[in-house]
Amino acid sequence: MRILILGAGAVGLSVAGMLSRVATVHAVCRARHARTIAADGFSMSGVWGEARFRFSAAETVPEQEDWDYVIVACKSTDTRGLAERFAPVLVGREVVSLQNGLGNEEILAGFTDRVIGGTIITGFEWRGDARVHVSVEAGPIRLGRFPEGADPAVEGLVALLRAAGLKAGSTPSIRAALWAKTLYNCALNPLGALMGVAYGALAHPQAWAVIEGIVAEACAVCAADGVTLPWPGAEAYLEHLRTVQLPATADHHPSMLQDLQRGRPTEIDFLNGAVASRGAALGIPTPVNATLARLIRFRESLGGGVAGEP
Ligand SMILES: NC(=O)C1=CN([C@@H]2O[C@H](COP(=O)(O)OP(=O)(O)OC[C@H]3O[C@@H](n4cnc5c(N)ncnc54)[C@H](OP(=O)(O)O)[C@@H]3O)[C@@H](O)[C@H]2O)C=CC1
Ligand SMILES: CC(C)(CO)C(=O)C(=O)O
């Protein structure tokens, strides 16, 4: 099996490393990571184990290679640019999004008619060039044919991930899985990023009241979008978030916080911003999500460092 990973960073290089145990892998990543991988390998620590992996990595794709799967693992803000740059590699191939948020699969569907959606609810933190710490894991990787269904290509990648030692499963309703992951990220990422706290701190009643608003609106938009979530309503999801997901990732700081600290664009327009824009299109009011999206965009405009510092 031959796997190409595009936009390989914390998530993509870790998945590349694990898959290199059972498949031929090439990762398209930044040059500094590629240099370190060539010299010393990719180093991984944490809940996926301590390991050093060697696989092919560069800023470009080797010419005239064939790929069984192309996994896109960049930030959602880079999906379109990356897809445009590597468009010839995507045409007619199985292209898998392993990213957060709503909208990546729709972008990739403009480049291939074989899109597989994916969700990953594991925490990855940079520790240096080509060095990543896998901090927490709250569930298996979920894959499904986009917009719906599962088929042998989806099952083939699930089997490969399992053979590599990862927890993975398929779903016939990837849109529901993407919405479910988006609920989690919308509820926790912007608040955690704005307040500079780990997820566990968001159980505070003042924060939780905001989270209730975020989730109620997002569930209403999701229902209007024709997607049935695994929970009967917002209350049931909030209970799952409070009792299962929050404890499992209590010590994790949202990647959005790191983006803000580094003065980088966040994925807000694929999270709460996407809930607000889809809500507007469907006639569902989303004042809480729209306000959080505005606050994050405002914070982005202030650049890196701590707000208020000279
Ligand atoms: N980190 C986490 O814990 C989790 C992240 N996710 C999601 O997974 C996705 C990826 O996140 P993550 O791995 O953290 O992001 P990273 O920023 O660590 O990785 C993406 C990498 O792609 C690189 N890149 C972008 N464009 C190109 C290009 N044209 N050529 C080569 N490299 C390129 C980026 O470089 P540069 O930075 O220089 O632009 C970066 O190194 C996101 O949607 C995120 O929300 C999901 C679950 C957990
Ligand atoms: C790491 C994870 C899964 C939160 O636990 C995440 O989605 C993020 O930080 O964006």
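Helices (H or I, at least four residues) and strands (E, at least two residues) are DSSP runs, numbered from the N terminus. The structure described here is a predicted model, in which local features need pLDDT of at least 70, side-chain atom pairs count only at pLDDT 80 or more, and totals for chains, interfaces and linings use all residues. Residues are numbered from 1 along each chain as its sequence is written, and side-chain values use heavy atoms, with hydrogens and water left out.

Two annotated regions give a first division of the chain. An unreviewed UniProt entry lists residues 3-147 as "domain: Ketopantoate reductase N-terminal". Over residues 3-147 the chain is 25% helix and 36% strand, and the end C-alpha atoms lie 22 Å apart. The unreviewed entry in UniProt also lists residues 174-299, as "domain: Ketopantoate reductase C-terminal". Over residues 174-299 the chain is 70% helix and 0% strand, with 32 Å between the end C-alpha atoms. UniProt positions are given in the numbering used here, feature names are shortened, and annotations may be inferred rather than shown by experiment.

Begin with helix α1, residues 10-19. Nine of its ten residues are buried, so α1 is largely enclosed by the rest of the structure; buried means under 20% relative accessible area, exposed over 50%, and partly exposed in between (1.4 Å probe, protein chains only). Among the buried residues of α1 are Ala 10, Leu 13, Val 15 and Met 18.

Further along, Gly 92 sits in the loop between α4 (87-90) and β7 (95-98). Its relative accessibility is 32%, so Gly 92 counts as partly exposed. Leaving out residues up to four places away in sequence, Gly 92 touches Thr 112, Asp 113 and Arg 114, where contact means heavy atoms within 4.5 Å. Gly 92 and Ile 296 are 204 residues apart in sequence, and their C-alpha atoms are 37 Å apart in space.

Next comes helix α7, residues 174-195. Its 22 residues reach 31 Å from first C-alpha to last, close to the 32 Å expected at 1.5 Å a residue; the expected span is 1.5 Å times one less than the number of residues. A kink of about 30 degrees is centred on Asn 185, the bend at a residue being the angle between axes fitted to the seven residues ending there and the seven starting there. Of the 22 residues of α7, 19 are buried, so α7 is largely enclosed by the rest of the structure. After α7 comes Gly 196, with a positive phi near 70 degrees.

Two packed helices are described by the angle between their axes and the distance between the axes. The axes of α7 and α11 (residues 272-282) come within 9 Å and cross at roughly 115 degrees. On the α7 side the contact is made by Trp 179, Cys 186 and Pro 190, and on the α11 side by Asn 272, Val 275 and Arg 278.

Helix α8 holds Val 221. At 0% relative accessibility, Val 221 counts as buried. Apart from residues up to four places away in sequence, Val 221 touches Trp 179, Val 275, Arg 278, Gly 279, Leu 282, Ile 284 and Thr 286.

Finally, helix α9 covers residues 234-248; its end C-alpha atoms are 20 Å apart, which agrees with the 21 Å that its 15 residues should span at 1.5 Å a residue. α9 bends by about 40 degrees at Leu 241. Leu 241 is one of the buried residues of α9, and these buried residues pack against α7 and α8 (205-224).

How values were computed. Chains are lettered from A and ligands numbered from 1 in the order in which they are written. Axes are lines fitted to C-alpha atoms, for helices over the stretch in contact, and angles run from 0 to 180 degrees between N-to-C directions.
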